[in-house]
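Here are my notes on the model, point by point. Have the structure open while you read.

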Amino acid sequence: MKSINELIQELGALKSDAHNKDFLLSWEQTTDELKQVLLVAEVFKRMRAENIATRVFNSGLGVSIFRDNSTRTRFSYASALNLLGLAQQDLDEGKSQIAHGETVRETANMISFCADAIGIRDDMFLGAGNAYMREVGAALDDGFAQGVLPQRPALVNLQCDIDHPTQSMADLAWLQEHFGSLDSLKGKKIAMTWAYSPSYGKPLSVPQGVIGLMTRFGMDVRLAHPEGYDLIPEVVEVARKNAVASGGKFSHVKTMEEAFAGADIVYPKSWAPYKVMETRTELLRANDHDGLKALEKQCLMQNAKHKNWHCTEDMMKLTKGGEALYMHCLPADISGVSCKEGEVQGSVFERYRIATYKEASWKPYIIAAMILARKYAKPAQILEQLLKEAQARVR
Amino acid sequence: MKSINELIQELGALKSDAHNKDFLLSWEQTTDELKQVLLVAEVFKRMRAENIATRVFNSGLGVSIFRDNSTRTRFSYASALNLLGLAQQDLDEGKSQIAHGETVRETANMISFCADAIGIRDDMFLGAGNAYMREVGAALDDGFAQGVLPQRPALVNLQCDIDHPTQSMADLAWLQEHFGSLDSLKGKKIAMTWAYSPSYGKPLSVPQGVIGLMTRFGMDVRLAHPEGYDLIPEVVEVARKNAVASGGKFSHVKTMEEAFAGADIVYPKSWAPYKVMETRTELLRANDHDGLKALEKQCLMQNAKHKNWHCTEDMMKLTKGGEALYMHCLPADISGVSCKEGEVQGSVFERYRIATYKEASWKPYIIAAMILARKYAKPAQILEQLLKEAQARVR
Amino acid sequence: MKSINELIQELGALKSDAHNKDFLLSWEQTTDELKQVLLVAEVFKRMRAENIATRVFNSGLGVSIFRDNSTRTRFSYASALNLLGLAQQDLDEGKSQIAHGETVRETANMISFCADAIGIRDDMFLGAGNAYMREVGAALDDGFAQGVLPQRPALVNLQCDIDHPTQSMADLAWLQEHFGSLDSLKGKKIAMTWAYSPSYGKPLSVPQGVIGLMTRFGMDVRLAHPEGYDLIPEVVEVARKNAVASGGKFSHVKTMEEAFAGADIVYPKSWAPYKVMETRTELLRANDHDGLKALEKQCLMQNAKHKNWHCTEDMMKLTKGGEALYMHCLPADISGVSCKEGEVQGSVFERYRIATYKEASWKPYIIAAMILARKYAKPAQILEQLLKEAQARVR
């Protein structure tokens with residue numbers, strides 16, 4: 001294992017412009033910028049394990065805006081802020097309201113006088129979440145340029161309609177940990193597949209985030225889902241291009257079996273078709289409760305036709321040596337455990353339970369790394385200072 | 001521009017008994033005590049701009065009690081606590097409940113064992129908000145005297161039925177910044193006027209706070225509102241007396257035009273007549289929903305008769321050189337932007353948008369200054385220490 | 001009064017395995033472990049009074065899980081975290097939901113990546129609250145052992161169906177303060193009695209906690225309640241055995257008068273019979289609103305037969321010299337103050353009002369002490385460091 005110092009040296013050699021842009025879509029970051037986040041996250045995780053304080057802010061707020069319920073992401077973000085020394089302050093705007101124009105400009109400034117980070121989760125409305133984040137970002141740029149704000153807060157996408165970069169980057173960090181290095185992921189087969197779930201309306205951001213990111217590192221990414229369960233076409237196109245550029249592969253297959261065949265990694269997870277999400281967005285905007293109920297019923301019926309998209313022991317046997325790494329962003333719909341019939345068979349999940357927890361454990365460090373990379377042109381210098389001082393996190 | 005050190009020297013020369021009294025009404029503070037808050041706020045703002053840590057508490061809680069929804073004040077208060085090193089803890093009593101007697105005494109003590117500040121916003125009930133704060137203050141005095149509390153928390157009025165001192169002091173700090181000095185405000189004409197809004201029940205505390213404070217510094221304050229939209233008579237009387245004492249002026253005129261004529265500053269803002277607020281208080285206490293609905297309807301109809309109280313481009317032309325500074329506590333009802341017809345024309349607001357943001361940006365520093373002035377007999381000494389040590393806020 | 005240094009010396013001499021077990025039931029801790037918590041709490045309280053910082057964490061989260069409304073406990077826990085340097089993060093699972101199995105295992109890990117403490121209040125469901133805490137504890141042990149968590153968070157029972165150790169330990173700390181020492185409590189008569197209240201469903205954890213703890217220190221504990229208002233039999237048995245072991249006494253008498261006769265301390269407080277709590281638990285689980293209403297009605301009628309269980313001036317005259325110390329966990333149902341007829345007469349409460357506040361004031365320190373004792377094998381060393389460094393809490 002590399003020493004913390006070696007990781008910092010590696011970090012120092014990367015070329016990055018990350019301090020000038022928010023982390024809103026993983027494919028807007030260069031490979032070096034992605035590597036930077038991975039390295040900073042690893043350094044933070046190692047420092048915490050060695051009881052070295054990672055606090056870089058003496059004071060400062062980290063604002064959270066959650067437009068959907070969330071426990072895991074909320075805690076990961078709170079943990080990230082705490083690692084850095086920021087205090088969390090939640091903006092509760094009411095969940096259904098979509099703010100625009102002057103309201104966004106004003107609110108973005110009003111909450112940021114003492115804010116060093118803003119994390120936003122907005123994944124309910126197709127076409128709106130990521131756009132909202134950019135609107136906030138532009139307002140922050142303006143506020144900072146005009147002298148309203150003494151600093152430009154780092155803006156972090158905690159899940160939107162298009163991408164879920166804190167999740168996919170945590171997934172990548174976990175794969176790197178599990179397989180030993182980023183290089184070792186080259187050529188590894190990962191199956192990102194739909195799976196049956198007795199619920200509906202699950203966002204697309206996880207599968208989109210995974211295919212958009214894993215294709216950057218030479219992996220062999222296979223996407224599979226039943227007919228009609230398409231992801232946003234533009235994102236699939238991004239994955240296709242990424243694969244070409246990185247020397248990896250991207251294929252779109254028709255069955256879970258095909259995707260699992262010989263896979264090193266499987267990521268079976270339910271989502272709603274993007275066409276459904278479009279309709280749902282319109283209905284939500286129109287506040288059409290009857291329409292939403294009808295859509296839900298129709299979707300659940302549609303889902304029920306695909307119960308065979310189930311990550312069973314038999315399905316796992318198709319993977320490489322029958323031992324592919326199972327991944328999930330949690331919570332999974334576990335058959336016989338959290339639901340009658342779901343995404344994954346109980347015994348399969350139980351075997352990889354701790355692995356999925358470890359996968360999730362990367363998130364606080366990834367988020368902290370994204371904030372650090374946005375705030376500092378040279379994160380390696382800051383980390384070097386922290387390492388040198390080596391203040392105890394806990395006495 | 002004065003150096004931070006010069007500001008601290010100035011501060012040291014002031015006579016203040018602020019550490020022995022809560023900041024509940026600006027007219028209960030001496031002029032030196034008001035200047036002290038302004039100076040401390042300026043020092044804090046400058047220190048933050050120069051990346052000097054302003055943390056004076058190693059630990060300690062800052063309690064917030066919001067009896068009305070609030071985003072801006074909530075964030076300003078949270079920011080102020082964070083600047084000082086205090087952690088926010090919210091007391092959520094339920095919004096409609098008005099506690100009295102033993103409940104207040106007990107709760108005030110129970111939340112204060114480790115609290116160094118308590119900020120209260122209670123502006124819904126005429127005759128109740130400020131009174132409640134005093135009840136809390138008396139309970140804190142008792143708890144401290146009896147040895148229940150190891151410290152007497154600073155109590156800050158975050159808006160009550162009578163005054164909104166954190167707003168008016170932020171307004172004053174902004175005027176001082178904009179015009180260059182407190183002295184330069186002498187003789188400046190400020191129009192505090194009612195303006196039409198398609199909502200009702202807006203509190204009186206902002207206009208009352210403004211006329212109660214700006215008359216302290218020799219300004220020429222003009223109050224204007226339609227017939228029947230009176231402020232609390234006692235507060236108008238306070239403004240009148242303040243003007244006499246400070247060598248300023250206070251006049252009560254009948255039209256927006258008169259108030260705007262030759263004004264250096266305009267502050268057009270909607271509010272409900274205090275008679276209506278009295279009725280509303282009774283209805284709220286009686287939980288009379290039908291009565292409240294009827295009152296709202298009647299008030300909106302009444303408001304609608306005064307749509308000409310509108311801060312338009314034409315109205316602005318009446319001001320000094322057509323270039324008066326437009327002020328607002330935000331959010332403004334902007335015609336064609338946040339509502340169809342409101343307080344201010346879109347193009348006027350847009351021209352002063354950044355100015356209103358800068359006005360608001362003073363609030364965290366003003367609140368932090370109020371807390372510091374309440375906790376320390378000699379705030380200048382503390383600030384001198386902070387300046388000397390000059391710990392980095394952000395590495 | 002002993003010096004802080006002497007208290008720390010005393011602390012160093014205790015034998016404790018508290019760093020290896022959560023504080024879930026006071027009778028699972030050895031006497032030395034209880035003394036350890038009392039001593040650490042006293043040191044923390046004294047340090048705060050002398051403006052010595054008690055922060056031992058540079059960063060870290062303290063998670064709170066409140067499955068019932070709470071102001072006092074919430075603030076006490078927040079204060080304890082703040083004393084130690086931890087930031088509070090609330091997990092809001094929805095109040096009625098009882099999680100089990102994988103959900104608990106997963107959630108416990110997901111919230112704990114950066115958590116050093118978890119405080120849980122879960123007193124609604126008989127047979128469930130303490131069991132839930134143990135389920136969380138087991139999940140944390142597993143997560144830590146498997147390398148998911150970089151640290152094992154301290155788990156603190158903030159009130160369950162069986163015990164309320166942070167309350168009873170605060171009560172004990174107050175008795176120690178009031179009577180001068182732990183030794184002086186030997187032989188002191190304490191009456192833990194039921195009292196009438198116009199509400200129902202009050203948890204059993206306070207009386208159970210008091211009889212389970214005070215019998216550990218040689219006190220003469222008398223439990224009294226009307227027929228049918230039994231506590232959980234197993235806990236009464238624990239108290240009985242504790243008394244034998246500590247050389248104290250435990251008696252179960254039939255009237256408030258008998259209990260008060262010659263008492264040094266009285267603790268009159270309402271609670272629901274455990275049989276009722278069992279029925280209530282079943283109804284809550286079945287979501288049977290009608291059943292719950294019927295039960296409430298029946299219980300209030302039953303309660304009303306015992307209005308003579310009232311801590312009046314006459315009742316107080318029965319106590320030792322008429323001057324027993326009155327205790328309450330607050331808020332008390334005060335006749336003529338917070339209700340028409342309640343647990344205690346207004347004049348009695350008023351005489352002991354400040355005393356009950358002081359009783360409550362121990363809670364933040366007790367909770368902080370429980371966390372410290374769970375995190376450090378040698379808390380005396382940490383406290384010695386803090387004392388030596390003597391950083392100012394407030395500049």
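**Notes on the model**

1. Let me start with one residue: C:Pro207 is buried, because 27 other C-beta atoms lie within 10 Å (buried means 20 or more other C-beta atoms within 10 Å of the residue's own, exposed 12 or fewer, partly exposed in between, with C-beta atoms placed from the backbone). Keep in mind that this is a predicted model, where local features need pLDDT of at least 70, side-chain atom pairs count only at pLDDT 80 or more, and totals for chains, interfaces and linings use all residues. Residues are numbered from 1 along each chain as its sequence is written, and chains are lettered from A and ligands numbered from 1 in the order in which they are written.

2. C:Pro207 sits in helix H7 of chain C, residues 205–214 (helices are DSSP runs of H or I, at least four residues, and strands are runs of E, at least two, numbered from the N terminus). Leaving out residues up to four places away in sequence, C:Pro207 touches C:Met192, C:Leu231, C:Lys269 and C:Trp271 (contact means C-beta atoms, placed from the backbone, within 7 Å). C:Ala332 is 125 residues away from C:Pro207 in sequence, with 14 Å between their C-alpha atoms.

3. On to chain A, which has 15 helices and 11 strands. Its radius of gyration is 21 Å, close to the 21 Å from the globule rule for 395 residues, so chain A is as compact as a globular protein of that length (the radius is taken over C-alpha atoms, and the rule is 2.2 Å times the number of residues to the power 0.38). Buried residues account for 57% of the 395 in chain A.

4. Chain A splits into domain 1 (4–163 + 363–389) and domain 2 (167–360), with bounds from an automatic or database domain assignment. Their contact takes 20 residues from domain 1 and 24 residues from domain 2. On the domain 1 side, H2(A) provides the largest share, five residues. That side divides into 11 nonpolar, four polar and five charged residues (Ala, Val, Leu, Ile, Met, Phe, Trp, Tyr, Cys and Pro count as nonpolar, Asp, Glu, Lys and Arg as charged, and the others, Gly among them, as polar).

5. Last, the B–C interface: 25 residues of chain B are in contact with 29 residues of chain C. On the chain B side, H4(B) gives the most, seven residues. The chain B side divides into 12 nonpolar, 11 polar and two charged residues.

Notes: Two residues are in contact if their C-beta atoms, placed from the backbone, lie within 7 Å.
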